[in-house]
Amino acid sequence: MRKYIFAVLVIAFLVTISLAGCKPENLTPEFISQVDKYKISLEISSDLKKVNIFENVEVFNDSQDQWDVLVFNVYANAYREHATEKAYFTALARYGGLDLDSIKIDDYDYLTTSAVDSLDTILEIKLKEPLAPNNKVLISMQGTLLIPSCNLRLGLSSGEYLNLGNFYPVLSVYENSNWRRDRYTRIGDPFYADIADYEVSVKCNEDLSVAISGDRKTESIDGGEKIITSYGQNLRDFAIVASYQLDKLTGLVGTTEINYYHSSAKDAENCLISAISALETFNSIIGNYPYKVLNLVETDFYYGGMEYSNLVYINRHSKNKKDVIVHETAHQWFACLVGSDSINSGWLDEGLVTYLTDYYYLKTEGEDVYIKRRQSEKSILDTYLKMQIEADSSFDQSIERSLYKFKNNHDYCMIMYNKAGILFETLSHYVGYKKFESVLKTYYDKNCFKIANLESIYKAFQSNHKNIKALTESYIADTMLTFVG
Ligand SMILES: [Zn+2]
């Protein structure tokens, strides 16, 4: 996510070189066959207020344990009026949620009353027979997605912009012999998922513009309706933005098509140029983007932006779209391709992406611009920390903590973006820029399509003959104050 305050607070091509990366063709067939497979059909109503959803998930047990239950996250239920944990901040004119009509386990009809109209985002499905390791089960769900009226990840804003982010039931992560059951929170990005394959078809009014995740697409029109089918392999998630207002500009970086969707934005061409520049720069310093498409979509959005595989939201009212574009493009690598636990270690991707946004300016506009931007980030943090410490001397500055332990989104942004960004800046200066880029390439190459953690970062530095453990640990320790020069 792009912090909402950043646009008003900050001051202000490289030739693509093919380096280490994780292209799909490098993957072994075994790896691809082991991911979960989602096949989702959507029917979007013409007024964009309702979506019929038919979802089949082929769940593969890649653990060593036998599974008696499956746990899905149904984030749409955080938009219900009486949701246990609400996604919205103020009362809505229309609330959302996913009303499930049926759930099947293979051919067995499974539906519990608790699964219908749930106020909770956790959906637990008790399997009829335990699922042994290396076996599959097919879960089929059918229901109606009610679209809330709001400008959040899921919602219809101004009656015109339909955001479909985190909208479908998604399998939770199974780790340490347990299913993760993370409650929803309005702070940060409370999402955590494994890579999966997707085939998603959308039936809608033929005049609707649809920006969609996935990197292969087919489209047909019949009787005033169109059907779009999009396929994506090894995606962290799947998102859609639909509107009758959207136009599209297209560019190309290597074999990746970049689409910039907008509603008659005067700066759209410059935004596309920024997106191309960002993709080229990150291809060069991190490793090649492995997908064939990247969609950037201007929409009504409460925050500056939001990242999904192949698709990012850009707040169409943002005062500094370029920063949002660069930030969200960097997230394609760190959040989407290299996943991490956004609930408990949000700083791993937000801190790195915050720093990489400034690093992009170092590479494209030079050191003076970079230094100014870094100083600005530090001084904003410094002011914030001084105020907090004055009010409460035991103010928690630790960066390694869960989303639930932050006071609000501003507190989260200051610590997870700005403070963690300083850690990555410190590390890059400690090892030097050239070595830092080598570390980024290693970190990406070793963790692409997987879930990384702090240990993965240590290993990437160690592979480049640098040990940053002591420096990092002292920085992320609970009580250490951040001194800004
Ligand atoms: Zn972000």
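Student: Before we start, what does "buried" mean here?
Tutor: Buried means under 20% relative accessible area. Keep in mind that this is a predicted model. By that cut-off, both Asp189 and Arg153 are buried.

Student: What do the side chains of Asp189 and Arg153 form?
Tutor: They meet in a salt bridge, at 2.7 Å from N to O. Asp189 lies in the loop between strands E12 and E13, and Arg153 in the loop between strands E7 and E8, so the pair ties together parts 36 residues apart in sequence.

Student: How many salt bridges are there in the whole structure?
Tutor: A search finds 23. One of them joins Asp197 and Lys37, at 3.0 Å. Asp197 sits in strand E13 and Lys37 in strand E1, so this pair links parts that are 160 residues apart in sequence.

Student: And is Asp197 buried or exposed?
Tutor: Asp197 is buried, at 9% relative accessible area, while Lys37 is partly exposed at 26%.

Student: Okay, what about helix H7: how many residues does it have?
Tutor: H7 has 23 residues, 409-431, and spans 32 Å from first C-alpha to last, close to the expected 33 Å. Of those residues, 19 are buried, so the helix is largely enclosed by the rest of the structure.

Student: Which residue caps its N-terminal end?
Tutor: Asn408 does, with a side-chain oxygen 3.2 Å from the backbone nitrogen of His410. Just after H7, Gly432 has a positive phi of about 95°.

Technical notes
Residues numbered from 1 in each chain as written. Predicted model: local features only at pLDDT ≥ 70, side-chain atom pairs only at ≥ 80, totals over all residues. Heavy atoms only, no water. Helix = DSSP H or I, 4+ residues; strand = E, 2+ residues; numbered from the N terminus. Expected span 1.5 Å × (residues − 1). Buried < 20%, exposed > 50% of the residue type's maximum accessible area, 1.4 Å probe, protein only. Polar contact = N/O pair within 3.5 Å; in protein donor to acceptor, adjacent residues only side chain to side chain. Salt bridge = Lys/Arg side-chain N within 4 Å of Asp/Glu carboxyl O.
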